[in-house]
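Reader: I have a model open on my screen and would like to learn how to read it. Could you walk me through it, feature by feature?

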Amino acid sequence: MTSLSSLLIVVGLFLLGGVYSFVKQKMPRQLIVLISIAAGICLVAGVMRLEVWN
């Protein structure tokens with residue numbers, strides 16, 4: 001596992017935690033969608049790097 005893959009996965013999980021928190025606080029839907037997309041991109045990029053480079 002490379003450090004960049006690990007970092008992307010950790011950031012993605014952190015952003016998912018933020019999404020959960022924002023939903024509970026009833027934050028604006030656009031912000032929740034934006035952070036969800038960013039979390040998904042980070043997680044997919046991290047997993048793809050794991051699959052491609054190993």
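**Reading the surface, the helices and their contacts**

Author: Gladly, and let us begin on the surface, where Leu 4, Leu 7 and Val 11 form a nonpolar patch with about 230 Å² of accessible area together. Patches are made of residues with over 30% relative accessible area and no salt bridge, joining like charges within 9 Å and nonpolar side chains (Val, Leu, Ile, Met, Phe, Trp, Tyr) within 5 Å. A salt bridge is a side-chain nitrogen of Lys or Arg within 4 Å of a carboxyl oxygen of Asp or Glu. Accessible areas come from the Shrake-Rupley method with a 1.4 Å probe, and for residues only the protein chains shown count as cover.

Reader: What should I know about the model and its numbering before going on?

Author: This is a predicted model, in which local features need pLDDT of at least 70 and side-chain atom pairs count only at pLDDT 80 or more, while totals for chains, interfaces and linings use all residues. Residues are numbered from 1 along each chain as its sequence is written, and side-chain values use heavy atoms, leaving out hydrogens and water.

Reader: How many helices and strands does the protein have?

Author: The protein has 2 helices and 0 strands. Helices (H or I, at least four residues) and strands (E, at least two) are DSSP runs, numbered from the N terminus. Helix H1 covers residues 3-24, and helix H2 covers 29-53. The C-alpha trace spans about 40 × 15 × 10 Å along its principal axes.

Reader: What span does H1 have, and what is expected for it?

Author: The expected span of a helix is 1.5 Å times one less than its number of residues. With 22 residues, H1 reaches 32 Å from its first C-alpha to its last, close to the 32 Å expected at 1.5 Å a residue.

Reader: Which residues of H1 are buried?

Author: Buried means under 20% relative accessible area, exposed over 50%, and partly exposed in between (1.4 Å probe, protein chains only). In H1 the buried residues are Ser 5, Leu 8, Ile 9, Gly 12 and Val 19. Seen down the axis of H1, they fall within an arc of 95 degrees, so they line one face of the helix. That arc is taken from the directions from the helix axis to the C-beta atoms. On the face turned away from the buried side, H1 carries the exposed residues Ser 3, Val 10, Phe 14 and Lys 24.

Reader: What does Ser 5 touch, not counting residues up to four places away in sequence?

Author: Contact means heavy atoms within 4.5 Å. Ser 5, at 0% relative accessibility, touches Gly 46, Arg 49 and Leu 50 with those neighbours left out. Met 48 of H2 is 43 residues from Ser 5 in sequence, and their C-alpha atoms are 8.3 Å apart in space.

Reader: Where does Lys 26 lie, and what is its phi?

Author: Most residues other than glycine have a negative phi. Lys 26 has a positive phi of about 60 degrees although it is not a glycine. Lys 26 lies in the loop between H1 and H2, and is exposed, with a relative accessible area of 73%.
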